[in-house]
Amino acid sequence: MSCIEQMKYEILLQRISFKEAREYIEKNSDEVYYVSPGYKIFKDYYIIGVPPIAVGAKGNALIFPYTKPCHGSFVLSIENEDSIKEITRLRETGKEKETDSSKKSKPYESPRVSATSYQDMWKE
Amino acid sequence: MLIAKVEIRINLTFLQIKYVRDKIMTDSKVLLMMGCPEVPIQTSIALYLSHKLNKSGFDVTVAGNDAVIKLVKVSDFDGYYVKKMVNLDKTLEDIIEKRLDFDICFAFMHNDSGLTFAATMSAISQAKMYSIIFGKNAEALEEAIEFDCVKIVASDVHNPTRLKNRLDKVIEEIVK
């Protein structure tokens with residue numbers, strides 16, 4: 001179990017294809033960075049995905065894809081001290097940064113699904 | 001006398017080649033990367049493939065989520081067909097951190113998540129990739145694959161025979 005599941009996160013999209021997750025992140029982030037599969041965030045979560053993997057920043061929130069074999073892909077948002085560190089790291093490493101200033105004028109789309117716990121989400 | 005010497009030499013060369021081939025196979029590490037087990041033929045094909053490769057001398061590991069591991073362990077409770085079972089997330093972590101890698105990977109997929117995991121494996125590992133694509137969306141998935149791999153495709157859900165036959169041909173090529 002990765003640390004993501006222990007953190008407070010918001011689900012922005014759920015049970016979608018990875019392509020849809022990428023498109024959502026590209027359209028709904030202030031800044032978009034592209035990372036390789038296996039890029040590590042939040043100490044021990046390695047991002048699963050089809051390259052190029054879009055990771056976004058919106059304010060202090062990190063927006064990223066999360067894929068599980070039986071549940072499809074999700075877009076998660078985490079905003080805390082660690083997300084600020086992750087965004088700073090992405091800015092410093094500058095992996096194919098793509099910033100669209102027009103995106104900043106767009107109103108923030110509120111999360112479609114409220115925060116939930118890992119145990120509830122993956123209960124079998 | 002000369003013919004006998006030639007025969008002995010040929011036999012020795014044959015044995016040496018066989019030894020080298022067997023040694024390569026024994027040293028070859030194969031990963032069966034399982035997807036969501038909701039399509040019935042996956043578990044059946046995994047048990048078959050694991051056993052067939054084990055018998056051919058490969059070092060086979062099956063990786064999956066908890067549901068996959070439970071299904072395989074109940075089906076093969078003595079570990080006759082599957083010798084090694086591991087958690088998929090942990091395996092990917094070990095490959096990313098360079099603690100582990102494989103020579104060959106068979107990635108099972110019948111949905112977008114399976115394709116996503118296979119694309120990740122293709123990017124992080126040195127393994128030669130074989131995509132086992134099945135289920136109702138097999139053709140669409142096959143077209144969506146962009147990474148380098150051998151594709152073994154059968155749009156079946158319940159009957160594993162076509163997929164098994166196609167895999168047999170691929171294994172023949174690998175073992176040659």
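Which residues does A:Ala21 touch, not counting residues up to four places away in sequence? The first legend below gives the list for this predicted model.

Close-up 1. Leaving out residues up to four places away in sequence, A:Ala21 touches A:Leu13, A:Ile16, A:Pro65, A:Ser73 and A:Val75. A:Ala21 has 29 C-beta neighbours inside 10 Å and therefore counts as buried, the cut-off being 20 or more. Between A:Ala21 and A:Ile78 the C-alpha to C-alpha distance is 15 Å, at a sequence separation of 57 residues.

**Close-up 2. Packing of helices H2 and H3 of chain B.** H2(B) covers residues 41-55 and H3(B) covers residues 66-75. Their axes lie 11 Å apart and form an angle of about 60°, so the two helices are oblique to each other. The crossing of H2(B) with H3(B) is right-handed. H2(B) contributes B:Thr43, B:Ala46 and B:Leu47 to the contact, and H3(B) contributes B:Leu71, B:Val72 and B:Ser75. Sorted by class, the residues of this contact are four nonpolar and two polar, with no charged ones.

**Close-up 3. The side of chain B that touches chain A.** In this interface, 17 residues of chain B are in contact with 17 residues of chain A. On the chain B side, the elements that give two or more residues are helix H4 (88-96) and helix H5 (112-124). H5(B) supplies the largest share, nine residues. The class composition of the chain B side is eight nonpolar, six polar and three charged residues.

Technical notes: Residues are numbered from 1 along each chain as its sequence is written. Chains are lettered from A and ligands numbered from 1 in the order in which they are written. This is a predicted model: local features need pLDDT of at least 70, side-chain atom pairs count only at pLDDT 80 or more; totals for chains, interfaces and linings use all residues. Axes are lines fitted to C-alpha atoms, for helices over the stretch in contact, and angles run from 0 to 180 degrees between N-to-C directions. Helices (H or I, at least four residues) and strands (E, at least two) are DSSP runs, numbered from the N terminus. Angles under 35 degrees count as roughly parallel, over 145 as roughly antiparallel, 65 to 115 as roughly perpendicular and the rest as oblique. A crossing is left-handed if the near helix is turned anticlockwise from the far one by less than a right angle, and right-handed if clockwise. Two residues are in contact if their C-beta atoms, placed from the backbone, lie within 7 Å. Ala, Val, Leu, Ile, Met, Phe, Trp, Tyr, Cys and Pro count as nonpolar, Asp, Glu, Lys and Arg as charged, and the others, Gly among them, as polar. A residue is buried if 20 or more other C-beta atoms lie within 10 Å of its own, exposed if 12 or fewer, and partly exposed in between; C-beta atoms are placed from the backbone.
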